[in-house]
Amino acid sequence: MTAIYLSLGSNVERYKHITLALDALANLLGDLTISSVYESKSIGFDGRNFFNLVVGAQTRLGIAELSDVLKRIEDENGRKRSGPKFSPRTLDIDILTYGDFVGVESGIELPRAEITKNAFVLLPLAEIAPQIRHPQLQKTYAELWQAYDQSSQSLWAIDFEWQGRKISTQH
């Protein structure tokens, strides 16, 4: 089994698509470690605010197979791939890390660069995996978050329930 971390985001029917994504991931991967759900402004385009979170799990799937399954979950949730890169999304699921793998496999570069670039990825990752080390930088996610310019991107935790339990509360 390989430890993986995934980022999830949505700015179209956000509650619905994040809930459906968590359901699909739980069915696929079993036990999930789920961060708080954070709301943030759109980056790169003018659009509705996003909900973002990070999920940790274990998988037997290889990187390519995992990517294919995640794309299918996105597609089942109405993901349109024909628009510009920065545009509204029903659902976006990205592999952040796959064990300690560093490199490119099946066109997927890991660890994903967004980890250190976007607060909406790094903060939830630091929340659920504070002592885990970034496979390339060899700093913990807590250390990376402490060093991050936290004034550069605004985000805030929101109230969110999934399967009858509160996974996130407004801070």
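Y15 is partly exposed, at 47% relative accessible area (between the cut-offs for buried, under 20%, and exposed, over 50%, with a 1.4 Å probe and protein chains only). This is a predicted model, where local features need pLDDT of at least 70, side-chain atom pairs count only at pLDDT 80 or more, and totals for chains, interfaces and linings use all residues. Residues are numbered from 1 along each chain as its sequence is written, and side-chain values use heavy atoms, leaving out hydrogens and water.

**Y15 and F160**
- Y15 and F160 are stacked, since their ring centres sit 5.4 Å apart with the planes at 5 degrees (rings of Phe, Tyr and Trp, the last by its six-membered ring, pair with centres within 6.5 Å; planes under 30 degrees apart are stacked, over 60 edge-to-face, the rest tilted).
- F160 is buried, at 2% relative accessible area.

**Y15 and F51**
- A search of the whole structure turns up four aromatic pairs.
- One of them is Y15 with F51, edge-to-face at 4.9 Å centre to centre and 90 degrees between the planes.
- Y15 belongs to helix α1 (residues 14-29) and F51 to strand β4 (residues 50-59), so this pair ties together parts 36 residues apart in sequence.

**The cluster**
- Y15, F51 and F160 make up one aromatic cluster.

Key: Helices (H or I, at least four residues) and strands (E, at least two) are DSSP runs, numbered from the N terminus.
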